[in-house]
Amino acid sequence: MVRRIQKVAVIGSGIMGGGIAALCASAGIPTLLLDIVPFDLKDDEKKDPKARNRIVSAGFENILKAKPALFYDKDMDSQLVQLGNLEDDFNKLAECDWIVEVVVENLKIKQDLFSKIEKIMKKGAIISTNTSGLPLNKIAQGRSKAFKEHFLGTHFFNPVRYMHMLEIIPGKETKKDILKFIAEFGEKVLGKGIVWAKDTPNFIGNRIGVFSGVRAMQIMMEMKMTIPEVDALSGPAIGRPKTASIKLLDLVGLDTFVHVATNCYELCANDESRAGLKLPEFVSKMVEKKWLGNKTKQGFYKKEVTPDWKKIDKVINYKTLEYETFEKPTFPCLDASKKAATLPEKMQAIAYGTDKGSIFMWRTMAEMMIYSANRIPEIADTIVEIDNAMKWGYAWEMGPFETWDAIGLKRSVDRMKKEGMKIPKKIQAMIDKKVKSFYKIEKGKKMYYDLKSGKYKVIETSPLALNLANLRANKKVVKENKSAAIIDLGDGVFNVEFHSKMNAMDGAMGEMIAEGLMYAIDNGVGLVLGNQAPGMPGAFSAGGDLGYMGDMAKNKNFSGIDTMISDLHKMILALKYAPIPVVAAPYGMTLGGGCEVCLASDRIVTHAELYMGLVEISAGLLPGGCGMMHLWQRYVDAIPGNVKIADWAAYLIPALILVAQAKVSMSAQEALKNGFLRATDKIVFNKDNLIGEAKKEILRMVDDGYAPPAKKKYPVMGQEAQGMIWADMNNMRIGGYIPKHMEFIAKKIIYCMSGGEARQGQLVSEDYLNKLEREAFVELWKTEETQKMAAHIMTTGKPLMM
């Protein structure tokens, strides 16, 4: 039987259920979202469909309003969600191929619900629970063998769209083909990283996460540390999100965390470190006071407004439960971490320092690593599942065992022994066998140490999940410099990988793109522009290197800026007209120059999380890498042939607004609407497969008989459009809606995109448009205002309006 999921049902319209429904709809799957009928209906409401759907409708409204957005394209995707309630619409579940239960964590409620579902579900339908802690075998108690064979746990993490992990928990009788199917569906269609968990309390991510978070608080209290000190030490300094350890709980919600932690403590009676799962008393008191974090606008942290309307941050004093102001914490180990070049070096600086902060972090990291080792095989069979769970579910750059490798296995174990920590037997066995690390790369394949067999095994991944780090280790780097590298992907396809800070484009990167193109032309069939920054969403390229250009402007080397832009234009157009296909593989932040190299490519194969835009005006500039020209060309190519040139303003104005207002797409679907993507471009839900999909696209284009685009002139709107738009802008400036220098930049953008001194409808060459762009770019750098704006955004990360 060929199995397909053509319709999904999600039961429960809260934050998690709504997120799952939005994800399925965003993947193009019609989705039925059900919830209970309100208990408090008045007599005149009991037959009113609107009143009976009040709960699910409210949940759906929350999905639509969610920030960050849960739908990729709210207007289109939301149309695929059908709302209903568990009384009037229950029989519609019989139409669904996959039914996901996301109701309250109450065993009897879940059991009763599944009893009813079994009576009407279609034959072969897959049933799953999103429980975060209740045992699957108890949930399925009393169900038939056929039901149990199609029943499993599918545990998503919030926010569902953004968190990469999907924990799959097999039931005792779940068929293997069902498990394989849902894993492939989760990976390929929903874009998730699959982690295989066992039916144990809180599964993998939350079991390790609860221990890590609770022990951080316990040790904090023992060492008389403050909450801001803990968060300063346990965030980006060790490759974890800015929410770190305790601020994260404000984001999650203290009530949610207390529920998960209490469940873990109560159900893990035989855990050797059970005491490390018991929450400090002050946290329960905070929940009693409804200080639940972001959703109640106060938790561990809160913002207050002073009488003179200044916002100040405060943190709770866990001894007094009073809120206090705080200074940014500093420790010598943090200073050393900032100076370190790589994440392992940063971690070593934190773990092996001698100050109070370092001692705190050493204790929390060491205990977390030991605890993780002791959970194998209880919660997972391999270290890979635990590491992936923490990376994909908690956004750590390195999981527990990767962290152990980073700080040194033997060095850390020696210290643990010296301090009286109990080393897990399987870890000691590794040391005795002189095994130096949990991971290694051998013959181009990444391998992990299997604690059960005592041998290294290959990490199995999707054929499309090309890993550039593995290719590097397999000596597939053709050439590299400080900002980029040429990597052989095999089958005649090469990749230019960016690796500067935030993958910002600079001269060295431009040189390597040009060299990579020539190398691929001489030695292969195609070129991919792609990289693999850790975390979600990451940055394909955050734009150009303002510091380099700013220094030239400061030294009045404007001819150097002119030459740099001229060289950039040559590189961009070489990509566009190359005799081989060029495919860009962007994801996350794809801004400024990063956007421009994508617009020059034959195809864009992008991750669904794409924040793309030409944002140079925020730094006092206009796009300098043919971006305005290529955006306008895309708009022109989309204009129906029967639209007269005089009516093209309806297309020019949206294109101008994108650039002049630095609009950034919040998804790949929005980038498609904005005109940055074309219908021929491809959207990939799983970021791990992005480079592989780009390579596949190149080989398909070659197989189809690739021919480069022909050079041609494009019509512009000319001076007529400028006059029309400038009049509006003048009114805006007089009304105080636009600062003077921003008006000056915007007029430059309009001048370049409409064709300068050309007439309406005149065909102009790309060389002509690039000359306009280059001259305007240099002219802006000559202004004091632009130099100030560029310096400000580099220093603060925020635009300065002038």
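The structure is a predicted model, in which local features need pLDDT of at least 70 and side-chain atom pairs count only at pLDDT 80 or more, while totals for chains, interfaces and linings use all residues. Residues are numbered from 1 along each chain as its sequence is written, and side-chain values use heavy atoms, with hydrogens and water left out.

- The domain assignment, which is automatic or taken from a database, gives domain 1 (8-196), domain 2 (205-456), domain 3 (469-615 + 664-709) and domain 4 (645-659 + 712-802).
- The centres of domain 2 and domain 4, taken over C-alpha atoms, are separated by 49 Å.
- Leaving aside residues up to four places away in sequence, Trp 404 is in contact (heavy atoms within 4.5 Å) with Met 369, Ile 370, Ala 373, Leu 409, Ser 412, Val 413, Met 416, Ile 427 and Phe 438.

- Helices (H or I, at least four residues) and strands (E, at least two) are DSSP runs numbered from the N terminus.
- Strand 7 (residues 165-170) and strand 8 (residues 193-196) run parallel and are joined by four bridges, where pairing requires that DSSP finds at least two bridges between two strands; Met 165 has Gly 193 as its bridge partner in strand 8.
- In the loop between strand 8 and helix 9 (205-222), Thr 200 is buried at a relative accessible area of 12% (buried means under 20%, exposed over 50% and partly exposed in between, with a 1.4 Å probe and protein chains only).
- Thr 200 touches Arg 207, Glu 378 and Ile 379, not counting residues up to four places away in sequence.

**Helix 31**

- Helix 31 (residues 740-754) is largely enclosed by the rest of the structure, because 11 of its 15 residues are buried; among them are His 741, Glu 743, Lys 748 and Ser 754.
- The cover over these buried residues includes helix 26 (627-638), helix 27 (649-660), helix 30 (718-734), helix 32 (766-781) and helix 33 (784-796).
- Just after helix 31, Gly 755 takes a positive phi of about 100°.

**Backbone features in loops**

- The peptide bond from Lys 67 to Pro 68 is cis, with omega near 0°, and Pro 68 lies in the loop between helix 3 (54-65) and helix 4 (74-77).
- The peptide bond from Ile 376 to Pro 377 is also cis, with omega near 10°, and Pro 377 is placed in the loop between helix 16 and helix 17 (383-394).
- Lys 434, a residue other than glycine, has a positive phi near 60°, and at 70% relative accessibility Lys 434 counts as exposed.
- Met 502 has a positive phi of about 55° although it is not a glycine, and with a relative accessible area of 44% Met 502 is partly exposed.
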